[in-house]
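Subject: A structure for you to look at

Hello,

Please have a look at it first, then read on.

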Amino acid sequence: MELSAATRCRRSSSFGKCFTALKLLVVIAIITTCYFAFTDEKTKRSNAVRIRLAIDNLICTEIFRGDMSPEMLSHIKSKTTQVWFEKEKRADQTLYIPSELQKLGYKPPKLYIAYEVWSVLNQSEAECPVGSPSLTERSLLFMLHKNVTNSIVKRPEDADWIFIPYLSQIDCGHDVMNSYPRFQHAFDAVRHLGRRFIVYTARPWNARTMVHLETEEMLKRFKSLVVWSPEVRTINKWSLGTHEMWLARHVVVPQPPLEFEINDPAFKPSWQRKFEFCFQGTQINYQRIVTAKVLANRNDSFVYAGCRRQRKSMAASQLASASSRSLYSQCEFCIMPMGDSLSDKRLFDAMMSGCIPIIYEQLKPLPFAQFLDYRKFSLHLSSTFWKSDISGALDKIQTLSREKRSAMRHALLYAAHSISFSSSDGYSGLHYALALTSFSTVSNPIEKVHTSDDFHRTADLQGWWGIKKSKE
């Protein structure tokens, strides 16, 4: 018969010590309960970060393999930037609507930009310094202000949708989290202008910006609002499986920057790639640690897995988009293990560099997957927590023929240009986002999107990986 801890203590020769340990555990439990009950969320997050960093300092060591000199990275980076700037100079500024949308009879909806919101913010957008944290959100606003869709109207009563230029991370002299008006106040100021509204937020963590709400709560509270953002952090399979109506008003867009710098020459079969598999990032979970160790044991791969304490320095150096794209242009396959959010900036850096993504996360939010078949240019690993599983999967991927890789890279190039909001790509991504916004008001949008046999997709209406199987 199994004895309780207290009984075992009483029968032991060291009853006093054992009883003291039990009392200590009870005290710790009470303190922990009180802490979580009465400590505010900001303090909890701050202390959780300190605990994680303390553990990281004790157990984490860097994992590195691969020869990529700073000189080589700098050369590739300058070469890529030159290609993109030349392409931007040649960009055709006329309206371009993707063929997938033309088949559906899409036309850009009429938009009114609600600059009235700036009276609530008590400032002018022009006051914000160049390079402010909201630069990506401002770039979309400038894009719409230039009327690149030929559908901007001057009166709200003529509009199909009201775009709210609420910049969720802007500072411009304000104490960001205290004096800047929350989204609720901004929305109240423009609510009278129309019936349907759009807002774009660049970060997955809206609760940590001036919005002060998670995206799910935001969509449930403002039922006339469509949110463009990289992900919904609170999403789960159950939410997707039940097709909740609030989720139909979320449009998945890329992690910033929206305007892609695509290195077209890197997609050609003649382009030389030095590594078979690549991953760089921080060891913030077990899956990343295991992946890094598997790559470190291979002779054909590049891996640099830093520790949590290095996160900020890596974000400004190795993990900066330009540096990542330079590395990924030398890799056949780029591995996307789970991070601290479902959306992943490295996915888009890989796409711009012609590096075929290997996606781990089943609920990866994929921009415009209703129109783009991600199976044609990416791979998915379902069992990814054991070394043997990852190693075996990579060995199998390595056997893919040159013809198959070339075909995937050709599809990847098309997808990258389609997702991009850049003028050199005809603002294609902007049109996809507007189309999905319009479909959010249709009674049966899935049927609307899948009007022909050309639209056989792995994603459901909201653009999430692996929820719906394609029609064969």
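To begin with the aromatic rings, Tyr166, Phe183, Phe187, Phe197 and Phe222 are joined into a cluster by ring pairs. Rings of Phe, Tyr and Trp (its six-membered ring) pair if their centres lie within 6.5 Å; planes under 30 degrees apart count as stacked, over 60 as edge-to-face and the rest as tilted.

Before going further, please note that this is a predicted model, in which local features need pLDDT of at least 70 and side-chain atom pairs count only at pLDDT 80 or more, while totals for chains, interfaces and linings use all residues. Residues are numbered from 1 along each chain as its sequence is written, and side-chain values use heavy atoms, with hydrogens and water left out.

Searching the whole structure gives 12 aromatic pairs. In one of them, the ring centres of phenylalanine 368 and tyrosine 432 are 5.4 Å apart and the planes are at 25 degrees, so this pair is stacked. It links distant parts of the chain, 64 residues apart: phenylalanine 368 is in the loop between β10 (356–359) and β11 (379–380), and tyrosine 432 is in helix α17 (residues 428–439). Helices (H or I, at least four residues) and strands (E, at least two) are DSSP runs, numbered from the N terminus. Both phenylalanine 368 and tyrosine 432 are buried; buried means under 20% relative accessible area, exposed over 50%, and partly exposed in between (1.4 Å probe, protein chains only).

Tyrosine 374 and phenylalanine 377 have ring centres 4.9 Å apart and planes at 50 degrees, so the pair is tilted. Tyrosine 374 counts as buried at 1% relative accessibility, and phenylalanine 377 is buried with a relative accessible area of 2%.

Arginine 221 is in helix α9 (residues 215–221) and, at 43% relative accessibility, counts as partly exposed. Leaving aside neighbours within four places in sequence, arginine 221 is in contact (heavy atoms within 4.5 Å) with Gln184 and Leu213. From C-alpha to C-alpha, arginine 221 and tryptophan 246 are 9.4 Å apart in space, and they are 25 residues apart in sequence.

Best wishes
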